[in-house]
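The following note sets out points for discussion on the structure shown below. It takes up confidence, the two chains and some individual residues in turn.

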Amino acid sequence: MEGDKRFRELIDKSFVEEVSEGERRLIHDHIRHCDDCKRYLELTARTIRGLREFTFTSEPDSSAQVREILAHHTGTMRQHDVQFKIWAAFAVALSMSIVGSALVYQMAKLLTVPTHFDTAQVQAGVLVFWLLPSFCSALRLLAAPGENRGIA
Amino acid sequence: MLTLPMTLNMTVETETAKIARGLRERDMELVADLVERCQHRLVRYLLYLTGRREYAEDLVQETWIRVLQRGSQYNGRQRFDPWLFAIARNLAIDYLRKKRKAVQTASLPNDRDAMLLLPSSDPSPFEAAARSEDAMRLAGRLQILPPLYREALLLRFQEDLSLAEMAQVLGAPTTTVTSRIYRGLAALRSAFEEGDSHGG
């Protein structure tokens, strides 16, 4: 019985995993004189064959339905992507305009003495000629139509 | 002699790389082609996993949407099918977990979800799909077989996945995978053993 158990495990293995040529020959030789194991092998083969005799049908229009849903979903995802890119571009542009303005202001402050401007004039100059234009450029990203917006 | 296998290997690589690129770019033509090719097998896999057609139909659409959302995660180095089945499997587990929870927390006897989990009076999907006397015998066993074993049998004998691919889908070591196949086979084989001994 112990020997049969070992052969049955080997038979199972031969259907599920790779077995060596030697093991295959061993099974073949054994089932020639062991009816129980021969029947075991036949039943296993029959079970696997039976498993392949199921035909599942899906709804005839299910593929078309799925394709339609996916097309709609792709459109929505693309819109989200564009929206995300627009806001990302705006955020980057806004940060650059703030950081850039701060740097320009610092530079301009150094020039107040040689150019005889006072601080208020420098502030107004940076605001009018640097901060406002760059802020408007950033805002323009949000206002541009459709696909041309942002960095999309 | 070495050129043929190498050429074949390159063809497989090209195919999977093409799928990976298409998914990354959300190429609808490619996705439609994948749906056409895999829809039938996906339904079958989900049927084996859930044991109910209405669950499988629900999950099929969810799976494809997830494929579209996570398409960039498919690297194209392995076959597409195991990756698809792994996605479907994760969704099915979450779905069944929610259903079970709904039944446990259902306060009304006519709660829709609770009703869905009651044994269906419809013929089992396996009986409906059986195309031979042997398959019909197996159908009853398949319906009561734990889904883990059912799934392992399907992936090995119908989808012809390798043990390594199965391990990838099931997220389990190959020893666990083989043990599930053996147990599943033993349970189904007994359908014939008993049937034959009753039949004389």
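This is a predicted model: local features need pLDDT of at least 70, side-chain atom pairs count only at pLDDT 80 or more; totals for chains, interfaces and linings use all residues.

1. **Confidence in chain B.** pLDDT is the predictor's own confidence in each residue, on a scale from 0 to 100. In chain B the lowest confidence falls in helix α5 (residues 112-117), with a mean of 44, whereas helix α9 (residues 163-170) has the highest, at 94. Across residues 108-119 of chain B, pLDDT stays under 50; for this stretch the model has 12 contacts beyond four places in sequence. For chain B as a whole the mean pLDDT is 83, and 80% of the residues reach 70 or more.

2. Chain A has a mean pLDDT of 83, with 92% of its residues at 70 or more. Within chain A, helix α5 (residues 112-115) has the lowest confidence, at a mean of 76, and α3(A) the highest, at 93. The scores for the model are ipTM 0.78 and pTM 0.73.

3. **Overall form of chain A.** Chain A contains six helices and zero strands, in the sequence order α-α-α-α-α-α. Its radius of gyration is 39 Å, well over the 15 Å given by the globule rule for 152 residues, so chain A is more spread out than a compact globule. The C-alpha atoms of chain A occupy a box of roughly 115 × 40 × 20 Å along the principal axes. Of the 152 residues of chain A, 10% count as buried.

4. **Domains and contacts within chain A.** The assignment divides chain A into domain 1 (2-51) and domain 2 (62-148). The C-alpha centres of these two domains of chain A are 72 Å apart. Where contacts in chain A join residues at least 6 apart in sequence, 65% of them link residues at least 24 apart.

5. **The interface between the chains.** How many residues of chain A are in contact with chain B? There are 27 residues of chain A in contact with 38 residues of chain B. On the side of chain A that touches chain B, α1 (2-16), α3 (35-51) and α4 (62-110) of chain A each supply at least two residues. The most comes from α4(A), with 10 residues. By class, this side of chain A comprises 11 nonpolar, nine polar and seven charged residues.

6. **The largest nonpolar core.** This core has 55 residues, of which B:L42, B:Y45, B:L46, B:V60, B:L84, B:A88 and B:L153 touch the most other members. Helix α2 (residues 28-50) of chain B gives the largest share of the core, 11 residues. Both domain 1 (1-121) and domain 2 (123-200) of chain B contribute residues, so the core lies between them. Leaving aside residues up to four places away in sequence, B:L84 touches B:C38, B:L42 and B:V67.

7. **The domain contact in chain B.** Chain B is divided into domain 1 (1-121) and domain 2 (123-200). Their contact takes 14 residues from domain 1 of chain B and 11 residues from domain 2 of chain B. On the domain 1 side, the elements that give two or more residues are α2 and α4 (80-105) of chain B. That side of domain 1 of chain B has seven nonpolar, one polar and six charged residues.

8. **Positive phi in two loops of chain B.** B:R26 is not a glycine, yet it has a positive phi of about 50°. B:R26 belongs to the loop between α1 (3-24) and α2 of chain B and is partly exposed, with 19 other C-beta atoms within 10 Å. B:D160, also a residue other than glycine, has a positive phi near 55°. B:D160 sits in the loop between α8 (147-158) and α9 of chain B. Is B:D160 buried or exposed? With 9 C-beta neighbours inside 10 Å, B:D160 counts as exposed.

9. **A cysteine in chain A.** A:C136 lies in helix α6 (residues 119-143) of chain A. A:C136 is exposed, as 11 other C-beta atoms lie within 10 Å and the cut-off for an exposed residue is 12 or fewer. The C-alpha atoms of A:C136 and A:A124 are separated by 16 Å, and the two residues are 12 residues apart along the chain.

Key: Residues are numbered from 1 along each chain as its sequence is written. Chains are lettered from A and ligands numbered from 1 in the order in which they are written. Domain bounds come from an automatic or database domain assignment. Helices (H or I, at least four residues) and strands (E, at least two) are DSSP runs, numbered from the N terminus. The radius of gyration is taken over C-alpha atoms; the globule rule is 2.2 Å times the number of residues to the power 0.38. A residue is buried if 20 or more other C-beta atoms lie within 10 Å of its own, exposed if 12 or fewer, and partly exposed in between; C-beta atoms are placed from the backbone. Two residues are in contact if their C-beta atoms, placed from the backbone, lie within 7 Å. Ala, Val, Leu, Ile, Met, Phe, Trp, Tyr, Cys and Pro count as nonpolar, Asp, Glu, Lys and Arg as charged, and the others, Gly among them, as polar. A nonpolar core is a set of buried Ala, Val, Leu, Ile, Met, Phe, Trp, Tyr and Cys residues joined through C-beta atoms within 7 Å.
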